[in-house]
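User: I would like to go through this structure carefully, one point at a time.

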Amino acid sequence: MRLVLTTICIVFITTMTFAQKRDITGAERSLAIDIGNKAIEKIQNQEYREAFPLLKQTIQLDSTLRKPYLYLYTIASKCEEYRDSSLCLLYKANSLFQEDDEICYYIGEIYRMKGELNKAFLEYSKAINYSKKNGEELYLVPHYYFNRASISLEKKRLSSAAVDYTYAIKLKPGYTAAYVNRGICWFQMGRKEDACTDWKSGMDLGSDYAKECWEKNCVEKK
């Protein structure tokens, strides 16, 4: 059975938070914000290769702005050649914005794209731990658990995967992909009834793959 993956949407920056690590002049900050917003416009227009140097310039002008770092993930997801550079900049952000669960999550996402699943798992775990302190209201938090669970499932750590999928569903009750993948966990653990229950939930939420799993494994053959 194939795993179900999720896609994260990004939102245009309206404000930029910052952590003060050095004195930045008002002119420097204004210029950095202007360049950063130009980068975001490029991203919105899918001009990712043009956006990266603008984001990098923004960070060089004022490394204390937080939002430009977050948009590095979007570029890394679209342009493989910028993944290593984005990781370097995100690790810089990690040192500035300590215990920032969102930054850890994006580092984990880039490692996942690179196929470095152990490192991705570690970063998702950090993101989960920090979210316990920072609050779980952020819309991304269910994905911390989902993506860590999906690595566990791929590595056949089925019980751990099921626990994380369950918590993702607790945070986001309509999380279709989590129902589908938790159903795969139950099925591989020999818990067919639980698997069919989850696939039925996924099917009710509109998942074609949940329906495929249900019809293949749960419907009595005549």
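The questions below take up confidence and then selected helices and residues.

Analyst: This is a predicted model, in which local features need pLDDT of at least 70 and side-chain atom pairs count only at pLDDT 80 or more, whereas totals for chains, interfaces and linings use all residues. Residues are numbered from 1 along each chain as its sequence is written, and side-chain values use heavy atoms, with hydrogens and water left out.

User: What pLDDT does the protein average?

Analyst: The pLDDT is the predictor's confidence in each residue, from 0 to 100. In this protein 89% of the residues score at least 70, and the average is 90.

User: How many of the 13 residues of H6 are buried?

Analyst: Helices are DSSP runs of H or I with at least four residues, numbered from the N terminus, and H6 covers residues 101–113. Buried means under 20% relative accessible area, with a 1.4 Å probe and protein chains only. The buried residues of H6, among them Cys104 and Met113, pack against H3, H4, H5, H7 and H8. H6 is largely enclosed by the rest of the structure because the number of its residues that are buried is 12.

User: Which residue caps the N-terminal end of H6?

Analyst: The cap is made by a side-chain oxygen that lies 3.1 Å from the backbone nitrogen of Glu102. The residue that supplies this oxygen is Asp100.

User: How far apart in space are Ile75 and Tyr48, C-alpha to C-alpha?

Analyst: Ile75 lies in helix H4 and is buried, because its relative accessible area is 0%. Ile75 and Tyr48 are 27 residues apart in sequence, and their C-alpha atoms are separated in space by 5.7 Å.

User: Which side chain does a polar contact of 3.0 Å join to that of Arg182?

Analyst: Arg182 lies in helix H10 and counts as buried because its relative accessibility is 13%. A polar contact is a pair of N or O atoms within 3.5 Å; within protein, one must be able to donate a hydrogen and the other to accept it, and residues adjacent in sequence count only if both atoms are side-chain atoms. The side chain joined to Arg182 at 3.0 Å is that of Thr166.

Methods:
Helices (H or I, at least four residues) and strands (E, at least two) are DSSP runs, numbered from the N terminus. Buried means under 20% relative accessible area, exposed over 50%, partly exposed in between (1.4 Å probe, protein chains only). The expected span of a helix is 1.5 Å times one less than its number of residues. Contact means heavy atoms within 4.5 Å.
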